[in-house]
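Here are my notes on the model. Please read them with the structure open.

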Amino acid sequence: MPDIKTRDVAKGTIKQIDKAAVAADRMRSAYISTKERAEHTTHAAESTPEEYASDKVQHGTKRVSHEAVHQFDKQGRKGIE
């Protein structure tokens with residue numbers, strides 16, 4: 001009968017975090033998010049103050065409506081309990 005091959009396992013070793021890789025990943029993601037924000041500000045759709053104001057009102061209205069729905073759902077769940 002043939003022997004079963006096994007591999008040696010080093011017991012008691014602690015896996016270490018590769019801090020350089022983690023730092024590089026965080027720097028890369030920060031760079032990408034900064035680049036995207038910079039592109040958004042340089043290529044903004046609003047070129048006049050009127051467009052800027054209408055965009056702000058539109059986003060504000062959307063935010064308020066989402067918050068109202070969220071609060072309504074939250075209160076409804078409390079009422080059921």
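**Notes on the model**

1. The count comes to 2 salt bridges. A salt bridge here is a side-chain nitrogen of Lys or Arg within 4 Å of a carboxyl oxygen of Asp or Glu. Side chains of opposite charge can pair when their charged atoms come close.

2. Basis: this is a predicted model, in which local features need pLDDT of at least 70, side-chain atom pairs count only at pLDDT 80 or more, and totals for chains, interfaces and linings use all residues. Residues are numbered from 1 along each chain as its sequence is written, and side-chain values use heavy atoms, with hydrogens and water left out.

3. The protein chain has 2 helices and 0 strands. Both terms refer to DSSP runs, numbered from the N terminus (helices: H or I, at least four residues; strands: E, at least two).

4. R28 pairs with D25, at 3.5 Å from N to O. The two sit 3 residues apart in helix α1 (residues 19-42), about one helical turn. R28 is partly exposed at 48% relative accessible area. D25 is partly exposed too, at 44%. The cut-offs are under 20% for buried, over 50% for exposed, and partly exposed in between (1.4 Å probe, protein chains only).

5. In the other bridge, D73 meets R77, with the closest N and O atoms 3.1 Å apart. Both lie in helix α2 (residues 49-80), 4 residues apart, about one turn of the helix. D73 is partly exposed at 38%, whereas R77 is exposed at 54%.

6. Buried residues make up 0% of the 81 residues in the protein chain.
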